[in-house]
Amino acid sequence: MSETMLSFTIQGDNEGYVTFTCPYCNSDFKLQAGEYQNDEEPFSELFCPYCGLSKEKASFYSEDVIEKARELATNYAIEELNKAFGKMAKSINRKKGIIKMTYKPLKKVNVRELKEKDTQEVEFQCTICNHHTKVLYCAGASKIFCPYCGLDL
Ligand SMILES: [Zn+2]
Ligand SMILES: [Zn+2]
């Protein structure tokens, strides 16, 4: 089978922020979609603003985003199957044989709507790389790191 790219856009909150989740401490933080997807400044790793640990950026996708990607992939597969079986049924039924094939197309799964909740966060701007981040600045967190360069803000 050939490779197919599935892409979708994530709608940010009213300031264009999208939620990410740290794979280490499971905390949520937000990044500006425009900065995250800036092709002129590609990056491969992100730092968790809470624990400061870094990992490839794909591991920071939130559960919702991963689920949505899975649903889209499922629907794509179903569509391809429906097409293939539809063709097969047609060609079998065309030959006036005794075999008749009836085929009921598979139903697609519902793809969730990704919407950001407007929660209470504090916005930070890194003094070195100028990127923005929004973090839940709760009492326990005394230090915040820049998700892009890992600087202690
Ligand atoms: Zn973390
Ligand atoms: Zn920075």
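Let me start with a term: a donor is an N, O or S atom within 2.8 Å of the metal, or 3.2 Å for Na, K and Ca, and because water is not among the atoms, sites may look incomplete. Now the model. It is predicted, so local features need pLDDT of at least 70 and side-chain atom pairs count only at pLDDT 80 or more, while totals for chains, interfaces and linings use all residues. Residues are numbered from 1 along each chain as its sequence is written, chains are lettered from A and ligands numbered from 1 in written order, and side-chain values use heavy atoms, without hydrogens or water.

First topic, the metal. Which residues hold the zinc ion (ligand 1)? The protein donors are Cys22, Cys25, Cys48 and Cys51, each through SG, at 2.2 to 2.3 Å. Along the chain their spacing is C-x2-C-x22-C-x2-C. The angles among the four donor atoms run from 101 to 123°. That makes the site tetrahedral, a label for four donors with all angles between 85 and 135 degrees. The ideal angle for four tetrahedral donors is 109.5 degrees.

Look at where the ends sit. Cysteine 22 is in the loop between β1 (17-21) and β2 (28-32), and cysteine 51 is in the loop between β3 (45-47) and β4 (54-56), so this pair ties together parts 29 residues apart in sequence. Strands here are DSSP runs of E, at least two residues; helices are runs of H or I, at least four; both are numbered from the N terminus. Is cysteine 22 buried or exposed? Cysteine 22 is buried, at 1% relative accessibility. Cysteine 51 is partly exposed, at 30%. The cut-offs: buried is under 20% relative accessible area, exposed is over 50%, partly exposed is in between, with a 1.4 Å probe and protein chains only.

Next, salt bridges. Each is a side-chain nitrogen of Lys or Arg within 4 Å of a carboxyl oxygen of Asp or Glu. The whole structure has 11. Take lysine 30 and aspartate 13, with their closest N and O atoms 3.2 Å apart. Lysine 30 is in strand β2 and aspartate 13 in the segment before β1, so they tie together parts 17 residues apart. Lysine 30 is buried, at 2%. Aspartate 13 is buried too, at 7%.

Last, helix α2. Glutamate 79 meets lysine 108 at 2.4 Å, N to O. Glutamate 79 is in helix α2, and lysine 108 is in the loop between α2 and β5, 29 residues apart.

Technical notes
Tetrahedral: all angles 85-135°; square planar, octahedral: opposite > 155°, others 65-115°.
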